[in-house]
Protein chains: 2
Amino acid sequence: MRQLSKRTQYSLRALYALTRKYGAGPVLISNLSKDEVIPKKFLEQILVSLKGAGFVSSKKGKGGGYLLAQPPEEITIGSVIRAVEGPLAPLPCASETRFRKCDECVDIETCGTRIVMRRVRDAMSEILDETTLAAVCREVDLAKNASSGQDRQT
Amino acid sequence: MRQLSKRTQYSLRALYALTRKYGAGPVLISNLSKDEVIPKKFLEQILVSLKGAGFVSSKKGKGGGYLLAQPPEEITIGSVIRAVEGPLAPLPCASETRFRKCDECVDIETCGTRIVMRRVRDAMSEILDETTLAAVCREVDLAKNASSGQDRQT
DNA sequence: GACAATCACTACTAAACTAGTATACTTACA
DNA sequence: TGTAAGTATACTAGTTTAGTAGTGATTGTC
């Protein structure tokens with residue numbers, strides 16, 4: 001299956017960073033760019049579209065920057081991917097949120113590939129629409145503790 | 001997530017067709033192309049690569065054509081997608097079969113996106129590596145019967 | 001052994017998409 | 001009113017997709 005674009009990876013990375021700073025005021029693009037190693041100009045574009053999608057909001061002028069527009073417990077990875085990348089389903093005709101008959105299939109109900117891809121979509125949605133930014137950050141922290149714990153043991 | 005390419009869709013469609021003709025000798029490219037509405041020259045390329053991957057074999061000259069090289073119960077949708085499209089995982093660093101550290105992530109063990117995408121990969125593999133060409137064709141037949149049954153009822 | 005049927009190989013192309021860069025602008029705080 | 005921010009628009013090099021075109025290599029049949 002095709003891969004997540006850099007744009008999506010950067011979007012998620014930026015959002016994780018904003019999750020960690022949630023409640024502590026706006027974060028500068030330049031800092032985000034430096035900390036997360038994302039080309040600044042590209043990040044600007046990405047943040048503008050994340051703003052358009054309602055995930056972040058911005059403050060102009062001195063003391064400005066970006067911050068999450070919703071609590072990180074309410075932003076799911078699935079919604080971010082959909083906003084940046086498009087539907088989760090591997091085929092438009094297997095999409096729940098943005099269904100579109102594909103050019104090819106004659107009979108939608110009896111298209112073998114669609115039957116299978118519906119299942120794939122459902123499985124993906126079950127994971128991605130249940131996982132929030134906050135949950136991912138928690139898991140990352142756990143993983144970090146686990147690995148540093150191991151380090152200490154050796 | 002990104003969509004299945006036409007190439008993959010055509011590959012699967014061609015393989016379903018060959019599944020239906022399994023055991024009945026070679027099928028002509030021209031017939032496959034006509035029946036499945038796939039541009040002939042493009043289909044030729046696709047079949048050559050499916051042959052390279054070991055899914056089909058061919059016979060040249062008069063009376064020649066293409067046929068499945070393995071029983072349709074033994075070819076999984078996952079293996080076809082992997083051969084045509086590449087790894088199932090949405091990120092190279094989340095792939096089981098073709099793992100590759102991605103340019104971006106500093107620490108693989110504590111990359112949030114990777115943690116989630118590993119799960120997605122596993123879920124996809126569970127479906128795609130368990131579903132065979134034969135199974136898809138059976139399901140399509142069931143769906144066809146069901147819908148024609150409904151037609152009769154009205 | 002000629003001929004026709006059939007797959008095989010190589011090269012080309014137009015359009016779309018990706019991952020950016022560059023330049024100029026607007027807003028807001030002090 | 002200066003300057004630290006984000007905003008908007010446009011451009012570009014490289015890659016991928018979905019083909020098309022033309023020629024070459026085998027093989028079965030008469």
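1. Helices and strands are taken here as DSSP runs, a helix having at least four residues and a strand at least two, and they are numbered from the N terminus. With those names in hand, the surface near DNA strand D in this predicted model can be described by element: α3 (40-52), β1 (56-59) and β2 (65-68) of chain A, together with α1 (6-20) and α3 (40-52) of chain B, each supply at least two of its residues. The largest share, 5 residues, comes from α3(A).

2. Turning to the residues themselves, 28 of them lie around DNA strand D, and those that come nearest are K51(A), Y66(A), Y10(B), K41(B) and Q45(B). Of the atoms of DNA strand D that come within 4 Å of the protein, 70% belong to sugar and phosphate. Sorted by class, this surface is made up of 13 charged, 8 nonpolar and 7 polar residues.

3. Some individual polar pairs deserve a look in the structure above. On the phosphate side, a polar backbone atom of I29(A) is 3.1 Å from a phosphate oxygen of DNA strand D.

4. In chain B, strand β1 (residues 56-59) and strand β2 (residues 65-68) run antiparallel and are joined by 4 bridges. One of the pairings is that of K59(B), whose bridge partner in β2(B) is G65(B). The two strands form a hairpin with 5 residues between them, and in its turn G61(B) has a positive phi of about 70°.

5. A last point concerns C137(B), which lies in helix α6 (residues 133-153) of chain B. C137(B) counts as buried because its relative accessibility is 7%, and the cut-off for that word is under 20%. Although C137(B) and Y16(B) are 121 residues apart along the chain, their C-alpha atoms are separated by 6.6 Å. Apart from neighbours within four places in sequence, C137(B) is in contact with Y16(B), T19(B) and R20(B).

Definitions and conventions. Residues numbered from 1 in each chain as written. Chains lettered and ligands numbered in written order. Predicted model: local features only at pLDDT ≥ 70, side-chain atom pairs only at ≥ 80, totals over all residues. Heavy atoms only, no water. Near = heavy atom within 4 Å. Polar contact = N/O pair within 3.5 Å; in protein donor to acceptor, adjacent residues only side chain to side chain. Nonpolar A, V, L, I, M, F, W, Y, C, P; charged D, E, K, R; others polar. Pairing = 2+ DSSP bridges. Buried < 20%, exposed > 50% of the residue type's maximum accessible area, 1.4 Å probe, protein only. Contact = heavy atoms within 4.5 Å.
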